[in-house]
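Student: I would like to learn how to read some features of a structure. Please take them one at a time.

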Amino acid sequence: MTISTATAAGATTLDVEKIRSDFPALHQESHGHPLAYLDNAATTQKPRAVIDAVRSFYERDCSNVHRGVHLLSQRATVAYEQARTTIKTHLGAADSREIVFTRSTTEGINLVAWSFLCPRLEAGDEILISHMEHHSNIVPWQLLCEEKGANLKVIPIDDDGDIVLDEYEKLLSERTRIVGIVHVSNALGTINPVREIIKIAHHRGVPVLVDGAQALPHLSVDVRDLDCDFFVCSAHKAYGPTGIGALYGKREHLLDMVPYQGGGDMILSVSFDRTTYAEPPHRFEAGTPNIEGAIGFAAALMYLEDIGLDAVAAHEAELLAAATEAVLEVPGVRLVGTARDKASVLSFVVDGIHPHDIGTILDSEGVAVRAGHHCAQPVMARYGLSATVRASFALYNTEREIDALVTGLKKVQEVFG
Ligand SMILES: Cc1ncc(COP(=O)(O)O)c(C=O)c1O
């Protein structure tokens with residue numbers, strides 16, 4: 001499959017029309033207009049490669065894993081464990097046993113909170129996160145703080161939406177037990193300097209969890225190069241199925257962690273007196289897993305790799321630059337999130353018009369965006385807002401769809417004129 005080509009200048013361009021033909025859901029009308037799907041930070045559409053991988057599991061290999069002696073179960077087990085290897089390779093981990101399948105980014109963070117941090121946390125200890133976190137990287141830590149009498153500390157961000165690194169260093173204390181940091185902000189688009197943030201934390205002996213939910217579809221991630229202790233992500237943000245995600249954890253941490261949930265498939269032996277646990281990663285995968293989800297997740301990453309993340313990033317950077325310029329020409333538009341380094345998220349407000357009204361009118365024009373707090377209420381509060389409009393771009397978006405967004409915004413102006 002060739003869907004990216006090298007130009008004479010050496011840059012790689014995407015054959016976007018070819019890519020779009022891989023995504024059945026993009027070829028539909030919405031309220032009588034061609035659908036312009038610009039809500040990719042919420043979830044992405046799925047290519048045929050993913051749909052086919054999931055369908056093929058149901059049509060051919062449908063069976064449970066790790067427990068059957070028969071052929072279908074063996075094939076399902078091989079496919080499930082191969083999916084783990086694909087994810088390990090994609091994330092640059094050293095060992096497949098460092099990849100735990102989860103339900104989502106959210107579950108990965110909860111797992112680390114309760115299995116890793118809870119036994120190590122004492123009253124008065126501190127958990128350090130940033131002001132731009134998604135609720136899923138806030139609330140699990142708050143629950144743990146309540147349980148243990150620990151304190152949640154927050155790294156400030158500046159008006160552009162960049163982390164204030166000097167303040168970060170000051171907030172790291174003798175009592176800091178973990179840093180939880182988002183790689184790419186879903187509300188602002190900021191790409192955080194996570195490598196530097198990790199280096200600073202490690203200098204003080206503090207482990208770091210990276211929320212990679214929005215990094216996975218846009219950046220080439222290498223967990224060993226980052227040297228993060230934990231990295232969490234969801235397949236559905238990167239063209240894979242919903243209900244499946246992955247936690248990368250350094251092997252020495254996973255070996256030293258208690259189970260998150262109990263049940264089948266996570267044990268070595270069970271008696272009423274004593275249960276012994278399986279080695280990681282299975283120790284953290286109690287019960288029948290989302291087998292078809294894992295297979296679809298691997299298919300999505302292979303699809304992305306086939307195209308090439310550098311080409312994806314270059315295409316999305318062009319879309320973001322074009323959309324930023326075009327949207328700013330619409331009277332009354334103000335961007336929220338103007339960081340130095342941004343991924344393809346364009347958050348904005350329009351003077352005097354509520355984001356939900358904007359989202360509703362855009363929808364009537366076939367343009368799907370998100371309007372709301374993006375599960376990041378603290379960052380909204382940082383800018384004195386309750387909501388923004390968010391257009392977020394993926395590898396299949398086009399300049400034509402940016403034109404549709406701008407035309408829709410002009411309609412909004414007419415309606416509220
Ligand atoms: C930055 C970030 N973190 C975490 C999440 C939670 O992901 P999920 O709902 O797949 O668990 C999201 C989802 O929008 C996100 O954007």
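Student: Where does Tyr239 lie?

Tutor: Helices (H or I, at least four residues) and strands (E, at least two) are DSSP runs, numbered from the N terminus. Tyr239 is in the loop between β11 (230-234) and β12 (245-249). The model is a predicted one: local features need pLDDT of at least 70 and side-chain atom pairs count only at pLDDT 80 or more, while totals for chains, interfaces and linings use all residues. Residues are numbered from 1 along each chain as its sequence is written, and side-chain values use heavy atoms, with hydrogens and water left out.

Student: Is Tyr239 buried or exposed?

Tutor: Buried means under 20% relative accessible area, exposed over 50%, and partly exposed in between (1.4 Å probe, protein chains only). Tyr239 counts as buried because its relative accessibility is 0%.

Student: What is the phi of Tyr239?

Tutor: Most residues other than glycine have a negative phi, and most peptide bonds are trans. Tyr239 is not a glycine, yet its phi is positive, about 75°. His374 also has a positive phi, near 60°, and is a residue other than glycine. His374 sits in the loop between β18 (370-372) and α13 (377-382), and at 1% relative accessibility it is buried.

Student: Which residues does a cis peptide bond join?

Tutor: The cis bond joins Pro280 and Pro281, with omega about 5°. Pro281 belongs to the loop between β14 (275-277) and α10.

Student: Which residues come nearest to the ligand?

Tutor: A residue is near a molecule if one of its heavy atoms lies within 4 Å of it. There are 14 residues around the ligand, of which Thr106, Asp211, Gln214, Ser234 and Lys237 come nearest. By class, this shell has 3 nonpolar, 9 polar and 2 charged residues. Here Ala, Val, Leu, Ile, Met, Phe, Trp, Tyr, Cys and Pro count as nonpolar, Asp, Glu, Lys and Arg as charged, and the others, Gly among them, as polar.

Student: Which side chains have a polar atom at 2.8 Å or 2.5 Å from an oxygen atom of the ligand?

Tutor: A polar contact is a pair of N or O atoms within 3.5 Å; within protein, one must be able to donate a hydrogen and the other to accept it, and residues adjacent in sequence count only if both atoms are side-chain atoms. For His236, a polar side-chain atom is 2.8 Å from a ligand oxygen. For Lys237, the distance from a polar side-chain atom to a ligand oxygen is 2.5 Å. The ligand taken alone exposes 390 Å², and the protein buries 87% of that. Such areas come from the Shrake-Rupley method with a 1.4 Å probe; for residues, only the protein chains shown count as cover.

Student: What does Gln214 touch?

Tutor: Contact means heavy atoms within 4.5 Å. Leaving out residues up to four places away in sequence, Gln214 touches Ala41, Val184, Asn186 and Lys237. The Gln214 side chain reaches the backbone oxygen of Ala41 at 2.9 Å. Gln214 is in the loop between β10 (208-211) and α8 (223-226), and is buried, with a relative accessible area of 6%.

Student: Which residues touch the most other members of the largest nonpolar core?

Tutor: In soluble globular proteins, nonpolar side chains tend to be buried together. A nonpolar core is a set of buried Ala, Val, Leu, Ile, Met, Phe, Trp, Tyr and Cys residues joined through side-chain atoms within 4.5 Å. The largest one has 83 residues, and Val179, Phe297 and Leu395 touch the most other members. Helix α10 (residues 291-307) gives the most to this core, with 11 residues.
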